[in-house]
Amino acid sequence: MAIFNDAGSVITAKAKLTIISSDAKMTDDLVVHLKFDESSGSTASNSGSSSEKGSFYDDYGDDSEEPIGASGLIGKAVEINGLDSDNYTFGLIPNYPKITENGTVSIWFNTPGIDGENAVILRNGSAISIQSENQFQITISNNTDGEPVLGCQISAGPNVINIQDTEPLALDEWVHAALSVDGGQLRLYKNGKLVGVTDYLDRINGSTQDWIAIGASVTVIEEEGEEPYYAMDEANAAMFSGLIDDLAIWHVARSADEIASIYEKGVAGEDVTKASVTIPDFVEPGAAADPEISVVRNEDGSLTVTFVGKLQSAP
């Protein structure tokens with residue numbers, strides 16, 4: 001897009017028009033919202049627009065009630081694979097409305113650290129790769145200094161797009177993570193602040209595996225004569241250890257101000273629906289002045305152009 005004014009002109013690398021209703025709410029396009037406020041059981045209700053609940057299983061694929069009912073940042077939370085846990089556990093949303101172009105994923109977590117090179121906080125499917133074409137993941141991995149850092153990935157067309165934080169992750173305290181995609185850029189936020197942004201050319205892929213794994217790398221076990229079931233990936237479990245709270249997915253790219261509001265409300269003990277939507281102020285356009293320009297043909301055939309104002313040019 002080329003933009004002109006009295007100061008000159010500029011050509012942007014990417015531009016996207018977003019229309020925001022004057023009565024927009026944070027619940028608009030909120031397709032998944034797991035508050036994890038249950039006191040017991042093995043399932044977490046979904047207050048988003050989709051009907052899929054979250055379920056928790058042990059490492060054998062059986063229902064697990066152990067994670068439910070922990071003390072959270074916003075009401076209750078789930079605690080998985082902690083030091084006092086009796087079993088290894090993971091969460092799973094068996095299906096969810098896929099992101100087609102615009103989307104945001106938000107989650108709170110609290111971890112003492114990771115055991116191994118990486119841990120899955122949240123992932124669509126068993127892997128994010130060109131072969132799987134699954135949509136997104138939020139992870140913790142060790143940097144070159146052996147320090148845990150936050151990261152996220154999406155698959156778009158033939159590419160896997162990656163952002164990794166450069167600052168070590170704070171341990172044993174609540175951390176907010178969010179990623180957003182808008183059809184051209186992936187953004188990663190930590191505690192309400194932008195960690196990184198990177199471009200991608202193709203639309204985010206549609207996913208070949210329907211589920212979202214919470215707290216571990218999950219695969220489907222298919223054995224002859226038995227119904228397929230979900231289980232931790234024995235080759236690389238990538239287990240998260242700690243607490244998880246207030247998971248939300250939207251089919252809209254939330255702005256930086258909205259992500260900051262989600263963080264601020266969470267610190268105050270309120271869920272994502274209480275955050276503020278950024279509604280730009282309407283600016284009445286000014287009247288455009290009629291240009292003053294004249295063209296005179298000279299006797300030698302040349303032209304003389306006279307105008308009032310400033311000549312604009314693009315670089």
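Trainee: In this predicted model, which residue of strand 8 is the bridge partner of S55?
Mentor: Start with the strands. Strand 5 and strand 8 (residues 89-93) run antiparallel, joined by 4 bridges. In strand 8, S55 has as its bridge partner L92.

Trainee: Which residue in strand 5 is the bridge partner of A44?
Mentor: Look at strand 4 (residues 43-44). Strand 4 pairs with strand 5 in the antiparallel sense, over 2 bridges. The partner of A44 in strand 5 is G54.

Trainee: Why is strand 5 (residues 54-58) largely enclosed by the rest of the structure?
Mentor: Check its two faces. On one side, G54, F56 and D58 are buried. Strand 5 is largely enclosed because its buried residues number 5 of the 5.

Trainee: Which residue in strand 16 stands opposite L188?
Mentor: Strand 15 (residues 185-190) and strand 16 (residues 193-199) are antiparallel, with 6 bridges joining them. They form a hairpin with 2 residues between the strands. Opposite L188 stands G196.

Trainee: Which residue in the turn of that hairpin has a positive phi?
Mentor: The turn lies between strand 15 and strand 16. The phi is about 50°, and the residue is N191.

Trainee: Which strand gives the most to the nonpolar patch on the surface?
Mentor: The patch is formed by I293, V295, L303, V305 and F307, with about 490 Å² of accessible area together. Strand 21 (292-297) and strand 22 (303-308) each supply at least two of its residues. L303 sits in strand 22. With 3 residues, the strand that gives the most is strand 22.

Key:
Residues numbered from 1 in each chain as written. Predicted model: local features only at pLDDT ≥ 70, side-chain atom pairs only at ≥ 80, totals over all residues. Heavy atoms only, no water. Pairing = 2+ DSSP bridges. Patch = residues over 30% accessible without salt bridge, like charges linked within 9 Å, V, L, I, M, F, W, Y side chains within 5 Å. Areas by Shrake-Rupley, 256 points an atom, 1.4 Å probe, with all protein chains shown as cover. Salt bridge = Lys/Arg side-chain N within 4 Å of Asp/Glu carboxyl O. Buried < 20%, exposed > 50% of the residue type's maximum accessible area, 1.4 Å probe, protein only.
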